[in-house]
Amino acid sequence: MNLTRALIVSLVCHGASLAYADNQSYGPYSKSYVEDCGSCHVPYPPQRMTQQGWETQMGNLSQHYGTDASLDAAAAKPIMAYLTANAGIKPKLAPTGPTARLTETRWFVGEHGKAPAGKSFSDCTQCHKEAAQGDFSERRLQIPANWRMGR
Amino acid sequence: MAKIKFGIRGHGLGVVAAWVLGFFSSVGYAETPQNFLDTYAREVRVENPNFKGFSASAGAAFYKNTHGAEWRCASCHTDSPTSLGEHVVTHKQIQPLSPVANPARFTDATKVNKWFKRNCNDVVQRECTAEEKGNVLTYLLSVKP
């Protein structure tokens, strides 16, 4: 009886996690988003940070983690509208630092840990092979053999 | 008689084909690299009426050297601007910068202005002068594929 119950619980959880994994596709993104926010790094999913976080990002593009990523007003306006329309709302997707790094949201750190010293999570394609297309599903995930989740 | 007719018709098709090609090329590429060189030269002459023309060697030096900041143009675009580049932090692939290898380069003023503004701030910590831009573009056009 207990075994049957455990089996059912396990199947339900497993099924749920598979469904969740299959849903982790955020593309295709708008053409202007890919062009303006996906030239130096893969375009990050707008859904994975809150509007407040994206506003912080867009408000400081001329000093974007050591590089000038500025956009003129004509280009910035539709990008901000696109981010706002697609931004996440869950508290775990809120920015935690002054520059609103997506990789420092509670959600991101919970899923990925912290990057090893001197390494960066900016290149999603290291593991998420189809990240450029917005496909973060586990089917497309290839974790390097030497990967250890930092804490 | 029939031959002449055929000749005329053939010529007409050629004109249409040229027109269609012209239409598509103008839709694809709003500007040419030469347009940018002309614009930069006009800007330089405002300050320096004796300006003699851009220098590929000065452009190469500007492109390959550092200018007080950590990055140089070549940090991401590589010392060979006809090759694929790679962003030094994110490792994102960058298409070749030279129009010799990548005909889409220097064909869209909005893009060119956006990237010169961003990248000059990263490399020289200010906007580039028209002469610097003209020299670099002259260099990029001078390299062999």
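A salt bridge here is a side-chain nitrogen of Lys or Arg within 4 Å of a carboxyl oxygen of Asp or Glu. With that rule in hand, here are some notes on the structure above.

This is a predicted model, in which local features need pLDDT of at least 70 and side-chain atom pairs count only at pLDDT 80 or more, while totals for chains, interfaces and linings use all residues. Residues are numbered from 1 along each chain as its sequence is written, chains are lettered from A and ligands numbered from 1 in the order in which they are written, and side-chain values use heavy atoms, with hydrogens and water left out.

1. **The salt bridge between the chains.** Across the interface of chain A and chain B, the rule finds one salt bridge. The partners are the side chains of Lys114(B) and Asp36(A), at 2.5 Å from N to O. Both Lys114(B) and Asp36(A) are buried, where buried means under 20% relative accessible area, exposed means over 50%, and partly exposed is in between (1.4 Å probe, protein chains only).

2. **The rest of the interface.** Chain A contributes 15 residues to the contact and chain B contributes 13 residues, with contact meaning heavy atoms within 4.5 Å. Together the two chains bury about 1200 Å², 48% of it on carbon and sulfur atoms; buried area is the accessible area (1.4 Å probe) that two parts lose on being put together, summed over both. On the chain A side, Cys40(A), Asp68(A) and Ser70(A) supply 39% of the area that chain A buries against chain B, more than any other three residues.

3. Nine residue pairs are in polar contact across the interface of chain A and chain B (both at pLDDT 80 or more). A polar contact is a pair of N or O atoms within 3.5 Å; within protein, one must be able to donate a hydrogen and the other to accept it, and residues adjacent in sequence count only if both atoms are side-chain atoms. By class, the side of chain A that touches chain B has four nonpolar, seven polar and four charged residues. For that tally, Ala, Val, Leu, Ile, Met, Phe, Trp, Tyr, Cys and Pro count as nonpolar, Asp, Glu, Lys and Arg as charged, and the others, Gly among them, as polar.

4. **Chain A overall.** Chain A has five helices and zero strands; helices (H or I, at least four residues) and strands (E, at least two) are DSSP runs, numbered from the N terminus. Of the 151 residues in chain A, 38% are buried. Among chain A contacts between residues at least 6 apart in sequence, 60% join residues at least 24 apart.

5. **The nonpolar cores.** A nonpolar core is a set of buried Ala, Val, Leu, Ile, Met, Phe, Trp, Tyr and Cys residues joined through side-chain atoms within 4.5 Å. The largest has 28 residues, and those with the most contacts inside it include Tyr33(A), Trp54(A) and Leu71(A). Helices H2 (31-37), H3 (51-58), H4 (73-86) and H5 of chain A each supply at least two residues of this core, and H4(A) gives the largest share, six residues. Apart from it lies another core, of 26 residues, among them Phe36(B), Phe51(B), Phe62(B) and Leu137(B).

6. **Leu71(A), worth a look.** Setting aside residues up to four places away in sequence, Leu71(A) touches residues including Asp36(A), Met58(A) and Ile79(A), as well as Lys114(B) and Arg118(B). Asp36(A) and Lys114(B) are the salt-bridge pair from point 1.

7. **Phe106(B).** Where does Phe106(B) sit? Phe106(B) is in the loop between strand S2 (93-94) and helix H5 (109-123) of chain B. With a relative accessible area of 8%, Phe106(B) is buried. Its contacts beyond four places in sequence include Phe36(B), Phe116(B) and Leu137(B). The C-alpha atoms of Phe106(B) and Phe36(B) are separated by 7.4 Å, though these residues are 70 apart along the chain.

8. **Other salt bridges.** The whole structure has five salt bridges over all chains. One of them joins Asp79(B) and Arg72(B), with the closest N and O atoms 3.3 Å apart; Asp79(B) is partly exposed at 43%. Another joins Arg126(B) and Glu132(B) at 2.7 Å. Here Glu132(B) counts as buried because its relative accessible area is 16%, whereas Arg126(B), at 37%, is partly exposed.
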